[in-house]
Amino acid sequence: MSSTVSYWILNSARNSIATLQGGRRLYSRYISNRNKLKWRLFSRVPPTLNSSPCGGFRLCKAYRHTSTEEDDFHLQLSPEQINEVLRAGESTHKILDLESRVPNSVLRFESNQLAANSPVEDRRGVASCLQTNGLMFGIFDGHGGHACAQAVSERLFYYVAVSLMSHQTLEHMEGAMESMKPLLPILHWLKHPGDSIYKDVTSVHLDHLRVYWQELLDLHMEMGLSIEEALMYSFQRLDSDISLEIQAPLEDEVTKNLSLQVAFSGATACMAHVDGIHLHVANAGDCRAILGVQEDNGMWSCLPLTRDHNAWNQAELSRLKREHPESEDRTIIMEDRLLGVLIPCRAFGDVQLKWSKELQRSILERGFNTEALNIYQFTPPHYYTPPYLTAEPEVTYHRLRPQDKFLVLASDGLWDMLSNEDVVRLVVGHLAEADWHKTDLAQRPANLGLMQSLLLQRKASGLREADQNAATRLIRHAIGNNEYGEMEAERLAAMLTLPEDLARMYRDDITVTVVYFNSESIGAYYKGG
Amino acid sequence: MFYRLLSIVGRQRASPGWQNWFSARNSTSAAEARSMALPTQAQVVICGGGIMGTSVAYHLSKMGWKDIVLLEQGRLAAGSTRFCAGILSTARHLTIEQKMADYSNKLYHQLEQETGIQTGYTRTGSIFLAQTQDRLISLKRINAGLNVIGIPSEIISPKKVAELHHLLNVHDLVGAMHVPEDAVVSSADVALALASAASQNGVQIYDRTSVLHVMVKKGQVTGVETDKGQIECQYFVNCAGQWAYELGLSNEEPVSIPLHACEHFYLLTRPLETPLQSSTPTIVDADGRIYIRNWQGGILSGGFEKNPKPIFTEGKNQLEIQNLQEDWDHFEPLLSSLLRRMPELETLEIMKLVNCPETFTPDMRCIMGESPAVQGYFVLAGMNSAGLSFGGGAGKYLAEWMVHGYPSENVWELDLKRFGALQSSRTFLRHRVMEVMPLMYDLKVPRWDFQTGRQLRTSPLYDRLDAQGARWMEKHGFERPKYFVPPDKDLLALEQSKTFYKPDWFDIVESEVKCCKEAVCVIDMSSFTKFELTSTGDQALEVLQYLFSNDLDVPVGHIVHTGMLNEGGGYENDCSIARLNKRSFFMISPTDQQVHCWAWLKKHRPRDSSLLLEDVTWKYTALNLIGPRAVDVLSELSYAPMTPDHFPSLFCKYALHVYNEVMSVGQKYGIRNAGYYALRSLRIEKFFAFWGQDINNLTTPLECGRESRVKLEKGMDFIGRDALLQQKQNGVYKRLTMFILDDHDTDLDLWPWWGEPIYRNGQYVGKTTSSAYSYSLERHVCLGFVHNFSEDTGEEQVVTADFINRGEYEIDIAGYRFQAKAKLYPVASLFTQKRRKDDMELSDLHGK
């Protein structure tokens, strides 16, 4: 049964690949049908080699699989094994701390990640600000490597947290730095088990953060920035620091190479800041955040909080055209990509689309071993008036209401496969089951007989098999749903057993964080104030 | 701005990093901790303040060792001890386990009196229910074993069960076993009482102290590194329960202690309307996979489910095992089973579902003894959820082991050294314990093989033999063929093949045996342990003469069967040694001797000797040709003349080639494959005892008729010689005897296994150690020891040949007694066929 599915995949791979001979255009369409590699012709392959040899390379590889290793596919994953694979990256966290004696408006969050790239290029982060109120959730989708996404996931929240600090706190921080005393703690990370370790800010990064707060101090604002401003500045400041760090002479070889990799790879970012009933979402790129809303009549709806920054967004097209001379109108977006190469039109890093040609050349001429670092200098055609790319976020404010039940943040790997409505429906379904599950056993039957009949009932309904984690459920459906939106076990198994080099052609890295709100405490805000 | 940034970077380079506040935060907790000075040295450091650690401390201090430190990472009696269901049950499968539990029962009984600490000890008795006839047979076997070591128990009818416990539904029962002296007790309080008694005897106890690792120098324990400082010590005892595995691996010289935890659930309820009496017997319904005891007027009930949940595979992040989740869905089958057994409980109010991890071992037996790798490193762990029952006895044996060098009983079945290195991988353990935990309540039938964690070690011929229908058993991780199923024959599925009666392979083994007797068979015996012992000078012989009881000064190429004895004259190993040349010897021992024998040789060879030891087990494949035509086959294959003493050893890389040659040459002589079941039948009917099964470190050569393999007058001393000389003078107190069952119907009667009581003139005199059907005698043959207990005092008296010969014998198989003829020597008729000496002797070697 699963072998038919493997044939489906292999045949479709074979067919698509067969059309590749025509040139890169078909190849790229084939990709974007199922999934889009964010960078094209970039980074990995030198430009001269790029069109047919690139396809040819893929071709050989794919044929190698289809012809000789077909029989070796092990698609017979048992449901348990599938669960194991899907659940490997999951985590759940309850928010227990009170916020000025009111339970936090965030009840808990569930998160999961499934890699397609090897290594995974998505990152995620959750942290609470310790000097101000607020919980931050971020999804960072890297491209051209994971260096940039890693750096942004490690550093962005610090910039936001510092931006929000009052003048007094900043002075305190600066005083501590000067007298070499321990700093006030800035963030409390709620790490996911499996996530790569956040380096608790290396000294260079700290120095740059300090410069930032010194500038904030110079502004002499009593209460710190507004959240909108803070998010706006933090994104841009971090991106400019990423860009400047590599321009400054660095002595340490490791830091230097890392900085280069960070600047020459890219990452889109979407983060939410929740403080009481104030929800801010900042987005740069094509990650997405949506809100699941239950109206008073019980109907569910979806409220998107971000707009994808890509070629399908008219506002972005207009912005790009506005920022560049009219002569470039036709070349800014080609084949639905920025300058024909990059799908998102806002991102961190990617200095290839930000710096002048001269600057790129002069930096790379400083004797980096670009080969080893997996970096290629590449200038897309029609590169006249950089920068073409910005990390400036679009910030959305939403005042949380008791009917706002959950927030889903996810990388485009999820949104490529599921619509906003699908996602809300799946989370709602998950909530319903979890509620049933919970209420049943939380108010557990008083006596053994009732307990037994309840357990037998649950056993019969197969409830135990359901995902405990909404993010896992979303990922399961994202890769397991067929064209008609139905879950297909064979397809799911097939998608999870794709060989490493094929996986990325059928699915992207998927990272999902679902944040549940506490309607009662949100309601209390309205009553109280 | 860009320039400003650069200048600040330059200036601030030396500024301290952000790490400061992290360290500041950490230091506050350190300040809070109590500063309690550990002693800097001690004779013994025990790690673990559960029932095992405290029991070892208690017994060591009773035996006069005073300089003992006990360390507990959390609080005393936390861990599994705290969550234990508190059932003390003596109905165990192994005699040694019965003895440990019996001792524990007696110890706990008087503990309150001794220490003044209430332990909640209540003698409730326990009832083991049988829903099937097979279960009843299993209970009857246990019952027979309990009775002969003085633990009262009886098989009772379902009606009697209902009288003893009014809540039980007995309609589906076929019988039960009642053990009236079993008890319930609070295990945590027992541990505290033992600790308190130990502490009064001078043992120093420190809680909230974690052992980081054990310091080892030259293969010897030198001390312990804890989070509160170092302690120098000579002995270390690892009683860390589920953390024992991790702790063992934390050494520089790792000690592998194969055990793994599984979640274990039991239910607590509120009291019944008329609260249950505290004397209400404990119920074990193994077919329903549950146990039920009274608990504060209500019940406590748990079980061993079919689908266990192993935990902590990744290691010891969890220091205390609180906060494990309830899993009602997982508990449902056990709950249903409980309500089937006690339907009236339906209305009983739930209090809690307790999740307490229990530790299991790869063979369902606990682990004790000294590490083969590190001297002075002792282990007592892996209790397979019987920690409370074994705690007292196991602690006593381990204490004896440390103080005297050996325990008062043979504990080989529990010895850490029974495991090899391959049995300690996390993956292996995780898989195996998932099989072991349900096995707690599965029917234990003869010749059971584990299904998981197999094929760890195989012969190079494995695939070849497997293709020819071999069915496999495992010994010490090594796969060995049991028998070969002919292509036209089907055997029963695993579950259906479980039986106490005649097994389905009877005819298959018969034809293999017949072929061994009439033509020639080849058995792959590569599993047995092979060492090479060499020295640069002439020392090898000298050293070996000291280590082994037989005279090894034989011509090169000759083979000697000998025991490796301990000071008491008991067999540490029963092996064959071939002299390869003047300075090197080749030693062949039973498969499961690989670790034990190695450790023994390392420990007992003279310190300054240049004796080189090499384990060459994996280097050689061993083929055993059995049968009258074996010589014909061999002489056709070899140009060298076949002498009876020629040693047949072949290099592994040619193994398949040789096997093929043997098979093709042997064709005209009717050669075929045979397995270990055929071999066992052959060896038992010829009265060949096997080490580990029939004989052990408490058996001397004189007690099993092997005087001829001991050269008391070989011109030099050897280990155990004095004891043997003395025994020769005084006579032996037990004697291995062969029994031929007379009135036993092979097709209809229960088969003997081992452990069956032997009665002489109606008096219990010992137990069988192994048994097999002899296809030649067409009778069952059992081997077993005959003692001579004084009728008045029960004391052991000298056993003479006359005593053996002048008796009427019966073997008790699950309560049925069968008449048996006792023999001190093999049946002569079996040897009338002219056969070569080496056939017999080779088959003698390696059955185990």
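Trainee: What makes the six strands S1-S4-S17-S16-S10-S11 of chain A an open sheet?

Mentor: This is a predicted model. In it, the six strands line up in the order S1-S4-S17-S16-S10-S11, with antiparallel pairing. S1(A), residues 91-94, and S11(A), residues 300-304, each have a single partner strand, so one side of each has no neighbour in the sheet. On average, neighbouring strands here are turned by 15° against each other, direction ignored.

Trainee: How do you know that S1(A) and S4(A) pair?

Mentor: Count the bridges. Pairing takes at least two. S1(A) and S4(A), residues 106-114, have four bridges, so they count as paired. Their sense is antiparallel. Within S4(A), Phe109(A) is the bridge partner of His93(A).

Trainee: Why is Thr591(B) called buried?

Mentor: Buried means under 20% relative accessible area. Thr591(B) has 0%, so the word applies. Thr591(B) lies in the loop between strand S30 (584-589) and helix H16 (594-604) of chain B.

Trainee: What makes the link between the side chains of Thr591(B) and Arg480(B) a polar contact?

Mentor: The distance is 3.3 Å. The cut-off is within 3.5 Å for a pair of N or O atoms, one able to donate a hydrogen and the other to accept it. The two side chains therefore make a polar contact.

Trainee: Which strand of chain B do four bridges join to S33(B)?

Mentor: Strand S26(B), residues 521-524, and the two run antiparallel. Val522(B) stands opposite Leu625(B) in S33(B).

Trainee: Which residues of S33(B) point one way, and which the other?

Mentor: Leu623(B) and Leu625(B) point one way, Asn624(B) and Ile626(B) the other, and all are buried.

Technical notes: Residues numbered from 1 in each chain as written. Chains lettered and ligands numbered in written order. Predicted model: local features only at pLDDT ≥ 70, side-chain atom pairs only at ≥ 80, totals over all residues. Heavy atoms only, no water. Buried < 20%, exposed > 50% of the residue type's maximum accessible area, 1.4 Å probe, protein only. Axes fitted to C-alpha atoms, helices over the stretch in contact; angles between N-to-C directions.
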